[in-house]
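Subject: Structure for you to look at

Hello,

Please open the structure below and keep it in view while you read. My notes come after it.

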Amino acid sequence: MSTASLVARDLGRLHGTTVVLEGVGLTLGPRSRVGVVGPNGVGKSTLLRVLAGIEVADRGSIELAPPSATVGYLPQEPERREAETLRAFLARRTGVAAAHTALDDATAALEQGDADVAAGYADALDRWMALGGADLDARAAAVCADVGLDPATLDQEMTSFSGGQAARASLAAVLLSRYDIFLLDEPTNDLDFAGLDRLERFIEELQGAVVIVSHDREFLDRTITSVLELDEASHGATEFAGGWSSYLDLRATARRHAEEAFDGYRTERRRLEDRARNQRQWSETGVRKVKKSADNDKHVRHRETQRSEKQAAKVRITEKALTRLDRVDKPWEGWELHLDLAGGQRSGDVVARLTGAVVERGAFTLGPLDLEIGWGERVAILGPNGSGKTTLLGAVLGHLPLAAGSRWLGPGVVVGELEQSRSRFVAGQLLPVFTGASGLLPQEARSLLAKFGLGASHVDRPAASLSPGERTRAGLALLMAAGVNCLVLDEPTNHLDVPAIEQLESALDRFTGTLLLVTHDRRLLDTVEVSRTISLGQ
């Protein structure tokens, strides 16, 4: 049973001159289950990388107990290195590869008779053993079979894997890992329902601590026991006890209290300012009366002078009350996505048709199948990874050739596609790529992208430098620009933050055209109304 703990105090992190984290604290003990939330770009991945020691904090401290405890960061996009096999990928992601290299170095030093490295050799051996290096190969075959990967693929290069196979490989890396503290960055991306269930069971059984960054609300509801919310304005963090649903309630309550406190402060300030203004006017009126009565009876002049002085004293009292009034800042209102997917003009009654269609992709064959999509249908395409969901979309849209059968796309159908790989925005600069795809003028494109949180600092950057969430928002902006009447969305919630997902759900509810939806987001499926479900691989 893991007894490791991690305490982070007052963490600060800069990227260049940009403040990413400021004064962030976190305490992890055995069986801690913490969800890290916040809008895209707020620093969630940066926090995990700092906790893992991959990035060095510019301020603050991180203490591990015991100091030899292992911390593993598993990033959201698995890096597929050229010529790296699945076996090597798993060794790298579990930390075994780095530990093995350190052990080899310590062994070589020991063999050269350097007595001073004996303690270092023992530490390197202990770390390699703790990370599961001794039996990794034996365990890898069993775990690969468990997640639906043929153990024969262990010596296959990762660059040849399909998206579904890569998702299973990432899951296998998590299941094989023996870290004391797990830092999981979007671990549910591209996982099918079986993979989600397996990951949830793994987290439930872990004795060590787990920190999770995820957009999957159902997954968070089932796994975490507290939430660390990163603040976009202060770059600090607030921890909420309880699971995801409890966090939503507490956050809504805190927001309501903050708004009530600000409204109360603003009302009281206005009241005091109005009173001070009126009192000044009355005081000035009294002074004028005193001046007017200068040649009159001295008793009248004395009485008016006293009244003027009393009004001046009241002004001073009110001004003092204003200075003592505790300032309450207006609750922060960050950028918010406002997505409107107009249905476009109506197409014909039949949007698309496949007849006896067969698609061959390497050793995988989909079909033969017959499919007809009618105008206004809202179709969810479900199935395990590797069952052919993305292949089916490619067959319908004409992206993939048919080995047999026929395909027909109706006249008047304007397709808007958000592909799973988000590959449209990986080459060139964002602005010219977007204007070329949308047909908008540069200034129009800049204005639209800004509505999706992609401002001047984004549009002139190489598209490949955009984060997965930024590429997804660019794809959504393109859908909004196109006036499409047939939406094809392949895992649309991947890499989006929760507010953006909720905006997407609202936009899909208002969309009047045809919808083809591939997703493993269980909350999205519960929220968005569909008229038909197609299940593959059953």
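This is a predicted model: local features need pLDDT of at least 70, side-chain atom pairs count only at pLDDT 80 or more; totals for chains, interfaces and linings use all residues.

Residues are numbered from 1 along each chain as its sequence is written, and side-chain values use heavy atoms, with hydrogens and water left out.

The whole chain

The chain has 17 helices and 17 strands; helices (H or I, at least four residues) and strands (E, at least two) are DSSP runs, numbered from the N terminus. Its radius of gyration is 31 Å, whereas a compact globule of 538 residues would have one near 24 Å. That radius is taken over C-alpha atoms, and the globule rule is 2.2 Å times the number of residues to the power 0.38. Along the principal axes, the C-alpha atoms fill a box of roughly 115 × 80 × 40 Å.

Of the 538 residues, 46% count as buried (under 20% relative accessible area, with exposed over 50% and partly exposed in between; 1.4 Å probe, protein chains only). Take the contacts (heavy atoms within 4.5 Å) between residues at least 6 apart in sequence: 72% of them join residues at least 24 apart.

In helix H1 (residues 44-52), the buried residues are Lys44, Thr46, Leu47, Leu48, Val50 and Leu51. Gly53 follows H1 and has a positive phi, near 85 degrees.

How far apart should the ends of helix H7 (residues 193-205) be? At 1.5 Å a residue, its 13 residues should span 18 Å, and the end C-alpha atoms are 19 Å apart, which agrees. The expected span is 1.5 Å times one less than the number of residues. Buried residues of H7 include Leu196, Leu199, Phe202 and Ile203. An α-helix has 3.6 residues a turn, so residues three or four places apart point the same way.

Two single residues

Ala91 lies in helix H2 (residues 86-93) and is buried, with a relative accessible area of 14%. Leaving out residues up to four places away in sequence, Ala91 touches Val96, Ala97 and Leu136.

Leu524 is in helix H17 (residues 522-527). Is Leu524 buried or exposed? Its relative accessibility is 0%, so Leu524 counts as buried.

Regards
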